[in-house]
Amino acid sequence: MKFRTKITLAVSVCVPVVIALSFFFSFLFLSLNGKSSEKSQKRLILGFSQIGSESAWRTRNTQSIFEAAEANGIQILFDDAQQKQENQLKAIRSFIIYQVDVIAFVPIVEDGWDNVLREAKTAGIPVIIVDRQINADKSLYAGFLGENAFEEGEKAGKFLLEKCADEEGRINILEISGTENSSVVKGRAKGFREILKANRKFKIIHSENGDFLRSRGKEIAENLIQKARDSGNFKNDTLYFDGKPIDAIYSHNDSMTLGLLDSFANYGINPADTIIISIDAEQKSIDALVAGKLNCVVECNPNLGEMLMNLVKQVAQGKPVPKITYNKEKVFCEYDDFSKYELRGY
C-alpha cells in the first residue's frame with residue numbers, strides 16, 4: 001500500500017515537471033527558430049548620402065533610388081549633404097556606427113575619401129560610389145555606378161564639330177563648367193576638348209565655374225552682359241567676352257543652361273546664331289530645344305535606382321560587382337523628329 005502510494009505520488013509530481021519541461025523546450029525551439037527566420041528575412045539597410053537637391057535632375061535621381069529601394073524591400077537611411085563634403089563624411093561615419101548593410105553615396109568632389117572608406121572597410125560594410133567618381137584606393141570600395149562623363153563631353157564636342165563643319169572662321173566658345181574638382185566636370189571638359197583639339201578653328205575663350213546651379217548660370221551670363229555694357233560694346237545678338245562674340249556655349253548641365261536662358265530673356269538677348277549645347281536632358285531643357293532655344297542636349301540619365309539596388313543586393317551577399325557600371329544615355333538635337341519625344345518625368 002505504501003509502495004503504491006509512493007508510485008502515485010512520484011507520478012503526480014513528475015508528470016507536471018515533464019509537461020513543463022516539454023513546454024519550455026518547445027517555446028525555446030520556436031523562439032530560436034523564429035529569430036533565425038527573422039534574421040534570414042531581415043530587410044537590407046542601405047545608408048545613402050546624396051549631395052543635395054540643387055536641380056530637377058538631382059531630385060529625380062533621389063526619387064529613383066527611393067522607388068527602387070521600396071520595390072526591392074530595402075530600407076534606406078538617407079542624408080542630404082547640402083553640397084558640403086564635411087556633411088557627407090559625418091553621414092558615412094554615422095552609417096558605420098549604425099552598422100548598415102551597405103553604404104552608397106554621391107561624392108561632391110573626387111578627393112578626401114580614403115580615411116572614411118577605410119573605416120567602412122574595417123567595419124565590414126561595402127561601399128558603392130554613385131554618379132560621380134573619386135580618387136581613392138579602388139580596394140576600398142565595391143564599385144562605381146553612374147554616367148560616363150568623358151563620353152558625354154565627347155558627344156557634345158561631336159555635335160559642335162558636325163554643326164560647324166562648313167564654317168571657315170574661328171568658333172569662339174564659352175564653357176560653363178560645374179562644381180570644381182568633381183569627376184563629372186573633369187570628364188565633360190576633357191571629352192569635349194578631345195574631340196575638338198585637332199581643329200584649330202575651335203577656341204574656348206572663356207571657361208567659368210557655375211557650380212551646377214541655375215543661379216550661377218544666370219549670374220555668369222549677366223556679368224558678361226554688364227561688362228559689354230560698361231565697355232560700350234553691348235549688342236543683343238549674343239554674349240561677348242573681351243569684345244569677342246561668343247559663337248557657341250557649352251554648359252555642363254541644364255540648370256546652368258536654364259539660368260543662362262533666364263538672363264537672355266531679362267536683357268532681351270536674341271542669340272539666334274549662337275550654338276548652345278547642354279547636358280542632362282531635364283524636361284525644361286528638352287522644351288527649350290523644341291522651342292529652338294537650344295541646339296543639342298546630351299542625356300545624363302538620373303534613373304540609377306534599380307541598377308543600384310541590384311548592386312546593393314549583390315555586395316550584401318559578399319558577391320563581387322563590376323568596378324565601373326555605366327548607365328545608358330543618348331543625345332537629343334535640333335535635327336530630331338520632336339513628335340517622337342516622350343515626357344522625361346523630371
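So, S255 is located in helix 8; helices here are DSSP runs of H or I with at least four residues, strands are E runs of at least two, and both are numbered from the N terminus. S255 has a relative accessible area of 5%, so it is buried. By buried I mean under 20% relative accessible area, with exposed over 50% and partly exposed in between, using a 1.4 Å probe and protein chains only. Skipping neighbours within four places in sequence, S255 contacts E54, S55, F212, L213, R214 and E282, where a contact means heavy atoms within 4.5 Å.

Before I go on, a word on what you're looking at: this is a predicted model, where local features need pLDDT of at least 70 and side-chain atom pairs count only at pLDDT 80 or more, while totals for chains, interfaces and linings use all residues. Residues are numbered from 1 along each chain as its sequence is written, and side-chain values use heavy atoms, with hydrogens and water left out.

Now the overall picture. The protein chain has 10 helices and 14 strands. Of its 346 residues, 47% are buried. If you take contacts between residues at least 6 apart in sequence, 75% of them join residues at least 24 apart.

Next, H252, in the loop between strand 10 (248-251) and helix 8. Is H252 buried or exposed? Its relative accessibility is 0%, so H252 counts as buried. The H252 side chain makes a polar contact of 3.0 Å with the side chain of E175. A polar contact is a pair of N or O atoms within 3.5 Å; within protein, one must be able to donate a hydrogen and the other to accept it, and residues adjacent in sequence count only if both atoms are side-chain atoms. Not counting residues up to four places away in sequence, H252 also touches others, including S177, R188, F212 and I279.

On to helix 7. Which residues of helix 7 are buried? They are R216, G217, I220, A221, L224, I225 and A228. Those buried residues pack against strand 6 (171-177), strand 7 (202-209), strand 8 (240-241) and helix 8 (254-267). After helix 7 comes G232, with a positive phi near 80°.

Let's do a helix pair. Helix 2 (residues 56-71) and helix 10 (residues 305-316) pack at about 50°, with their axes 7 Å apart. The axes are lines fitted to C-alpha atoms, for helices over the stretch in contact, and angles run from 0 to 180 degrees between N-to-C directions. The pair is therefore oblique: under 35 degrees would be roughly parallel, over 145 roughly antiparallel, 65 to 115 roughly perpendicular, and the rest is oblique. On the helix 2 side, S64, I65, A68 and A69 meet G305, E306, L308 and M309 of helix 10.

Last stop: Y326, in strand 13 (residues 324-326). Y326 has a relative accessible area of 37%, so it is partly exposed. Y326 and G146 are 180 residues apart along the chain, yet their C-alpha atoms are separated by 5.2 Å. Leaving out residues up to four places away in sequence, Y326 touches Q133, F144, G146, E147, N148 and M307.
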